[in-house]
Every structure is written in structure tokens, then in C-alpha cells.
Amino acid sequence: MDIKNAQIIVDNWIKEHGVRYFNELTNMAQLTEEVGEVARIIARRYGEQSEKESDKGKDLGEELADVVFVVLCLANQTGIDLQEAFDKKMDVKTKRDHNRHHNNTKLK
């Protein structure tokens, strides 16, 4: 599935199940909350903090999907074609960063 179709799927879900989009500020707060949940799992599972028993059952993929869902909501409600924006960003990053990363001695 591409990003454009994901935006359509989310929009349809909102219309069928969600009644309406939360306002942009509420969705931004939700995004922050979801990113925090991802950070907690990564910090405890892959970082130096020990993982609490209550965190061991948390699914990183599910939390990342929550982040994607809210990002798609924000794109929809602000009129952003995220597929187009992502494609442009990848083009910029490819042109700007190819040699930079290949020449970075820290990455060798």
C-alpha cells in the first residue's frame, strides 16, 4: 500500500467509525503521546534502561502504526498529499545526503 491509499483508508475509517477528525491541536497532542510510547519501548528494550515487566508485552510495531495513523490524520485534515511530500523529501535527501553519508568516516 502506498501513502496516498493509506490516507484514503484513514479518511474512510474516520468517516465510518470516528465521526470526525479531532482538531489539529488535539491530533498533535496525540502524536506526541504516541511518539512517547515508541520512545519508552525503544529506551527500555534497546537502550540502557531496564525494561519494566509491564512494558515487556508492548508491541513496537503497533505503537509505530499509531504514530503513522495520527500523521495520516494530520495530513488529511490539513490538505497535505503526503505521498507527494514524501517523494519530494526522498529526492531532496538522495541528492543532498548520498555523498555526505558515504564520506562520513563515523559510518564506516
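What covers the buried residues of helix 3 includes helix 1, helix 2 and helix 4 (82-102), where buried means under 20% relative accessible area, exposed over 50% and partly exposed in between, for a 1.4 Å probe and protein chains only. Helices (H or I, at least four residues) and strands (E, at least two) are DSSP runs numbered from the N terminus. The model is predicted, so that local features need pLDDT of at least 70 and side-chain atom pairs count only at pLDDT 80 or more, whereas totals for chains, interfaces and linings use all residues. Residues are numbered from 1 along each chain as its sequence is written, and side-chain values use heavy atoms, with hydrogens and water left out.

The buried residues of helix 3 are Leu 60, Glu 63, Val 67, Val 70, Leu 72, Cys 73, Leu 74, Ala 75 and Gln 77. The 18 residues of helix 3 should span 26 Å at 1.5 Å a residue, and this agrees with its end C-alpha atoms, which are 26 Å apart; the expected span of a helix is taken as 1.5 Å times one less than its number of residues.

Thr 32, found in helix 2, is partly exposed, with a relative accessible area of 48%, and Thr 32 and Val 67, although 35 residues apart in sequence, are 8.6 Å apart in space, C-alpha to C-alpha. Val 35 also lies in helix 2 and is partly exposed, at a relative accessible area of 41%; the C-alpha atoms of Val 35 and Val 68, which are 33 residues apart along the chain, are separated by 9.9 Å.

In helix 1, Gln 7 is buried, with a relative accessible area of 9%. Not counting residues up to four places away in sequence, Gln 7 touches Leu 72, Ala 75, Asn 76, Ile 80, Asp 81, Leu 82 and Gln 83, contact being defined as heavy atoms within 4.5 Å. Lys 4, which lies in helix 1, is partly exposed, with a relative accessible area of 41%, and is in contact with Asp 81 and Gln 83 when its neighbours within four places in sequence are left aside. Lys 4 and Ala 85 are 81 residues apart in sequence and 11 Å apart in space, C-alpha to C-alpha. In the loop between helix 1 and helix 2, Val 19 has a positive phi of about 70° although it is not a glycine, and at 74% relative accessibility Val 19 counts as exposed.

The largest pocket has a volume of about 200 Å³. A pocket is an open set of points on a 1 Å grid over the protein atoms alone, where a 1.4 Å probe fits, with protein on both sides within 12 Å along at least five of seven lines, and lining residues have an atom within 4 Å of a point. The largest pocket is lined by 13 residues, of which Ile 14, Phe 22, Asn 27, Gln 30 and Phe 69 lie nearest its centre. Helix 1 (3-18), helix 2 (24-45) and helix 3 (60-77) are the elements that give two or more residues to this lining, and the largest share, four residues, comes from helix 3. By class, the lining has seven nonpolar, three polar and three charged residues.

In an unreviewed entry, UniProt lists residues 23-100 as "domain: NTP pyrophosphohydrolase MazG-like", an annotation type that may be inferred rather than shown by experiment. Over residues 23-100 the chain is 76% helix and 0% strand, with the end C-alpha atoms 39 Å apart.

Note on methods. Grid points are joined across faces, edges and corners, and a volume is the space filled by probe spheres set on the points. Ala, Val, Leu, Ile, Met, Phe, Trp, Tyr, Cys and Pro count as nonpolar, Asp, Glu, Lys and Arg as charged, and the others, Gly among them, as polar.
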